[in-house]
Amino acid sequence: MKKTPRFIFFSGKGGVGKTSMASSTAVYYAEKGLKTLIVTTDPAANLSDVFEQQIGHKVTAIEGVSNLLAMEIDSDEATAEYRERALAPIREAFGDEMVTIMEEQLNSPCTEEMASFDKFTDFMDTDEYDIVIFDTAPTGHTIRLLELPVDWSKHIEESSKGSGQTCMGPVQNIQDSKDKYDRAVKLLQDKEETHFIFVLQPEATPIKETIRSAKELGEIGINTTEVIVNGILPEEELLNPFFKKRGEMQKRYLQQINTEIPLPKRKMQLLAEEIRGVEILEKVADQLYNQQEAVNQIEISN
Ligand SMILES: Nc1ncnc2c1ncn2[C@@H]1O[C@H](COP(=O)(O)OP(=O)(O)OP(=O)(O)O)[C@@H](O)[C@H]1O
Ligand SMILES: [Mg+2]
């Protein structure tokens with residue numbers, strides 16, 4: 001059996017089922033006995049809806065699933081915490097006047113992005129969980145977030161030479177951050193430790209977006225591990241002309257996925273209900289991981 005990764009990222013176009021697949025995967029690993037954290041970096045987080053309980057910007061135990069915790073990163077709160085962390089040593093050493101100056105320097109547009117990234121590298125920098133699952137914002141945003149550390153390494157070097165005016169905070173924090181980001185980037189690029197899963201539907205735009213995003217990730221040294229093709233109509237439902245036509249369309253796109261996406265694939269059927277609550281998440285997890293292995297070519301019936 002393959003080694004279980006320590007981090008799994010779910011990515012994909014808006015609305016394809018990232019949160020649903022990430023949440024089901026989290027339930028799957030938690031029920032296997034691994035201490036599992038699911039964290040969402042999506043500003044429009046809805047883990048609370050999926051798990052039917054209040055979550056928010058703190059690590060929260062999920063009722064009804066042992067070993068499962070969840071957190072919705074709130075960008076404003078993450079930014080406030082990040083500023084405070086950057087400013088505390090300044091306040092201690094130089095007093096409030098210097099803090100005011102630094103606060104202005106931290107008023108840079110990159111601070112917010114930096115704060116989100118900082119928060120999620122925290123989760124890559126702890127042994128507290130056996131596995132951390134990241135439910136990310138639609139692809140464009142995630143890729144930018146992941147490209148940041150590459151830019152930031154440059155940024156850190158420049159700012160430690162120059163005035164120190166950066167969204168990183170005071171120069172003395174920079175080396176610590178650099179070490180943490182370097183560790184995170186290394187883990188992101190480690191195929192065994194970190195898996196990247198793209199969710200898509202058998203339709204034109206999500207296919208295009210998956211191919212493009214996987215290529216972009218590849219350019220920053222990150223390999224896509226597999227794809228989940230979600231929303232497949234069950235064969236036995238393709239009886240009336242409407243569903244028959246839609247089913248045929250999906251089969252054409254599945255064919256395209258087979259030829260154009262050379263990665264291991266899993267299938268997930270369209271369910272009659274929306275994906276909310278532990279019972280349905282377990283059902284999805286079962287279909288995703290117990291009823292199939294990832295395959296290079298999805299079998300398509302005529
Ligand atoms: N296989 C499925 N069967 C039935 N409903 C599904 C399936 N997959 C997803 N859904 C439903 O589709 C909607 C969108 O799914 P989800 O929120 O997981 O997508 P997302 O990619 O996270 O969206 P966003 O980009 O907005 O974060 C939800 O209401 C979810 O319950
Ligand atoms: Mg989502």
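**Cores, sheet and flanking helices of the predicted model**

Phe-9 is in contact with Phe-120, Met-124, Phe-134, Thr-136, Leu-188, Thr-194, His-195, Phe-196 and Ile-197, when residues up to four places away in sequence are not counted. The structure described here is a predicted model. A second, separate core comprises 34 residues, including Phe-10, Val-27, Leu-47 and Tyr-289. The largest nonpolar core has 37 residues, and those with the most contacts inside it are Phe-9, Phe-123, Met-124, Val-132, Phe-134 and Val-229. In soluble globular proteins, nonpolar side chains tend to be buried together.

The strands were examined next. Eight of them form an open sheet with mixed pairing, and their order is S3-S4-S2-S5-S1-S6-S7-S8. Strand S3 (60-61) and strand S8 (265-269) are the edge strands, each pairing on one side only. Strand S7, made up of residues 226-232, runs parallel to S8 and is joined to S8 by five bridges. Within this pair, Asn-230 is positioned opposite Met-268 of S8. Helix H10 (residues 278-290) packs on the sheet, where H10 touches strand S1 (7-11), S7 and S8; the direction of H10 makes an angle of about 150° with that of S8.

Leaving aside neighbours within four places in sequence, the contacts of Gln-269 are with Asn-230, Gly-231, Ile-232, Pro-234 and Gln-287. Gln-269 and Asn-230 are 39 residues apart along the chain, and their C-alpha atoms are separated by 6.1 Å.

Helix H8 (residues 204-219) lies across strand S6 (194-200) and S7, and runs at about 160° to S6. The 16 residues of H8 should span 22 Å at 1.5 Å a residue, and the distance of 23 Å between its end C-alpha atoms agrees with this expectation. The buried residues of H8 are Pro-206, Ile-207, Glu-209, Thr-210, Ser-213 and Leu-217. Viewed down the axis of H8, these buried residues fall within an arc of 165°, and therefore line one face of the helix. In an α-helix there are 3.6 residues a turn, so residues three or four places apart point the same way. The face of H8 turned away from the buried side carries Lys-208, Lys-215 and Glu-219, which are exposed. After H8 comes Gly-221, with a positive phi near 80°.

Backbone torsions were also considered in two loops. Most residues other than glycine have a negative phi. Glu-52, although not a glycine, has a positive phi near 55°; this residue lies in the loop between helix H2 (47-51) and S3. Asn-67 is likewise not a glycine, and its phi is positive, at about 75°. Asn-67 is placed in the loop between S3 and strand S4 (68-72). The relative accessibility of Asn-67 is 34%, so Asn-67 counts as partly exposed.

Key. Residues numbered from 1 in each chain as written. Chains lettered and ligands numbered in written order. Predicted model: local features only at pLDDT ≥ 70, side-chain atom pairs only at ≥ 80, totals over all residues. Heavy atoms only, no water. Core = buried A, V, L, I, M, F, W, Y, C linked by side-chain atoms within 4.5 Å. Buried < 20%, exposed > 50% of the residue type's maximum accessible area, 1.4 Å probe, protein only. Contact = heavy atoms within 4.5 Å. Pairing = 2+ DSSP bridges. Helix = DSSP H or I, 4+ residues; strand = E, 2+ residues; numbered from the N terminus. Axes fitted to C-alpha atoms, helices over the stretch in contact; angles between N-to-C directions. Expected span 1.5 Å × (residues − 1). Arc of directions from axis to C-beta.
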